[in-house]
Amino acid sequence: MGLGGCIILIAVGAILTFATDWHMQGVNLDVVGLILMAVGIIGVATFSSIARRRRVVVPPTAVVEDDRRRRDGYGDGYGA
């Protein structure tokens, strides 16, 4: 689940908890909304920690050019 899915879970959970007044027998929508928000927050935290580990900056290394000349006679520009 990506970051977008986690944010959707948080939004749906908030809607169920704070913006609805439905009453279903055997289901407490406030608790379902709180559970969805908790799962979404845990998902955002997990996604953030994984994404932070992937973005490790590696310092650039020096490029050393190989200046050795070819020893077969063709590296000096002369020849056929």
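1. Surface first: the accessible surface of the protein chain comes to about 7,100 Å², and 62% of that area belongs to carbon and sulfur atoms. Accessible areas come from the Shrake-Rupley method with a 1.4 Å probe, and for residues only the protein chains shown count as cover. Please keep in mind that this is a predicted model, in which local features need pLDDT of at least 70 and side-chain atom pairs count only at pLDDT 80 or more, while totals for chains, interfaces and linings use all residues. Residues are numbered from 1 along each chain as its sequence is written, and side-chain values use heavy atoms, with hydrogens and water left out.

2. On the overall fold, the protein chain has two helices and zero strands. These are DSSP runs numbered from the N terminus (helices: H or I, at least four residues; strands: E, at least two). Of the 80 residues, 14% count as buried; buried means under 20% relative accessible area, exposed over 50%, and partly exposed in between (1.4 Å probe, protein chains only).

3. A word on contacts, meaning heavy atoms within 4.5 Å. Among contacts in the protein chain with a separation of 6 or more, 53% are accounted for by residues 24 or more positions apart.

4. Thr 17 deserves a look. This residue sits in helix H1 (residues 3-18) and is buried, because its relative accessible area is 14%. Leaving aside neighbours within four places in sequence, Thr 17 is in contact with Asp 30, Gly 33, Leu 34 and Met 37. A polar atom of the Thr 17 side chain also lies 3.5 Å from the backbone oxygen of Asp 30.

5. Next, Phe 47, which belongs to helix H2 (residues 29-54). Its relative accessibility is 33%, so Phe 47 counts as partly exposed. Gly 2 is 45 residues away from Phe 47 in sequence, yet the two are 7.1 Å apart in space, C-alpha to C-alpha.

6. Finally, Val 39 lies in helix H2 and is partly exposed, because its relative accessible area is 40%. Val 39 and Leu 9 are separated by 30 residues in sequence and by 7.4 Å in space, C-alpha to C-alpha.

Note on methods. A polar contact is a pair of N or O atoms within 3.5 Å; within protein, one must be able to donate a hydrogen and the other to accept it, and residues adjacent in sequence count only if both atoms are side-chain atoms.
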